[in-house]
Amino acid sequence: MKLTVFGATGRTGREVVRQALDAGHQVTAVVRDPARLPISHGALEVITAEVTSPDALRPVLAGRDAAISALGPNGRKDVGIASRALTSIVRAMEGGDARRLVTLSAVPVGPIPDGEPLIYRAVVLPLIQRIFRDGYADLRAMEDEVRRSSLEWTVVRPPRLTDKPPTGKYRRVVGGNVARGHTISRADLAHALLDCLDDPATVKQAVGVAN
């Protein structure tokens, strides 16, 4: 495929770019600072663009097959970037060639699955939601924007991210979250994002993933 990757300099985004290139895809990485993407490859194009401007994004989406967004806040100062950026990405894609969009969200935005321990349901999750409420509100707004679009979208909801090596053994639930799945490596998350691209079962669905 010809892919456009947003958030390519983040720790998950870099994994998406590496694995996409290893799989033989042509990748356009949209970044704020090219120096933060230490990857060189003949099938990689790195472009600096303003992700909150649909006009700036149309050229980086023209002629592409799909887009993956690994965008998320880098600290409290960036809260709001997911909904603002995805609004622009959706606008740019709806008038262009690429129709397939896979974007990153988070477990607390989705439903609590059956089988979770009482302490997690009653104490841990509410505490996490309270501490990071602004970030999760941003992700909910982002999901709403994507869901209203005419695109072939998928929202992927991971739990806490780690930097462990890839296992290829993560679990996935289409339309829900993974019970008792409280972490996933960024490498496995990147694989899950890419795996959704050509899986029709994930189109217009939220997908929970966890190790």
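**Questions about the model above**

Colleague: What is the accessible surface of the chain, and what share of it belongs to carbon and sulfur atoms?

Modeller: The accessible surface comes to about 9,800 Å², by the Shrake-Rupley method with a 1.4 Å probe, where for residues only the protein chains shown count as cover. This is a predicted model, in which local features need pLDDT of at least 70 and side-chain atom pairs count only at pLDDT 80 or more, while totals for chains, interfaces and linings use all residues. Residues are numbered from 1 along each chain as its sequence is written, and side-chain values use heavy atoms, leaving out hydrogens and water. The share that belongs to carbon and sulfur atoms is 51%.

Colleague: Thanks! How many helices and strands does the chain have, and what is its radius of gyration?

Modeller: Counting DSSP runs numbered from the N terminus (helices H or I, at least four residues; strands E, at least two), the chain has six helices and ten strands.

Colleague: Among contacts between residues at least 6 apart in sequence, what share joins residues at least 24 apart?

Modeller: A contact here means heavy atoms within 4.5 Å. Among the contacts in the chain between residues at least 6 apart in sequence, those that join residues at least 24 apart make up 70%.

Colleague: How much space lies in the largest cavity, and which residues are closest to its centre?

Modeller: A cavity is a set of points on a 1 Å grid over the protein atoms alone where a 1.4 Å probe fits but cannot get out, and lining residues have an atom within 4 Å of a point. The volume is the space filled by probe spheres set on the points, which are joined across faces, edges and corners, and the largest cavity holds about 70 Å³. It has 13 lining residues, and the closest to its centre are V107, P111, P113, Y120 and N177.

Colleague: Is E116 buried or exposed, and which residues does it touch beyond four places away in sequence?

Modeller: E116 sits in the loop between β5 (100-104) and α4 (118-131). Its relative accessible area is 8%, so E116 is buried (under 20% is buried, over 50% exposed, partly exposed in between, with a 1.4 Å probe and protein chains only). V178 is 62 residues away from E116 in sequence, with 9.3 Å between their C-alpha atoms. Not counting residues up to four places away, E116 touches R121, V178, A179, R180, G181 and H182.

Colleague: R180 has a positive phi; what is its value, and is R180 buried or exposed?

Modeller: Most residues other than glycine have a negative phi. R180, in the loop between β8 (171-174) and β9 (183-185), has a phi near 55°. Because its relative accessibility is 55%, R180 counts as exposed.

Colleague: And where does K204 lie, and what is its phi?

Modeller: K204 lies in the loop between α6 (186-196) and β10 (205-210). At 42% relative accessibility, K204 counts as partly exposed. Its phi is also positive, near 60°.

Colleague: Last one: which residues is P34 in contact with, leaving aside neighbours within four places in sequence?

Modeller: P34 is found in the loop between β2 (26-31) and β3 (44-48), and it is partly exposed, with a relative accessible area of 43%. With those neighbours set aside, P34 is in contact with V46 and T48.

Terms used:
On a 1 Å grid over the protein atoms alone, a cavity is a set of points where a 1.4 Å probe fits but cannot get out, and a pocket is an open set with protein on both sides within 12 Å along at least five of seven lines; lining residues have an atom within 4 Å of a point.
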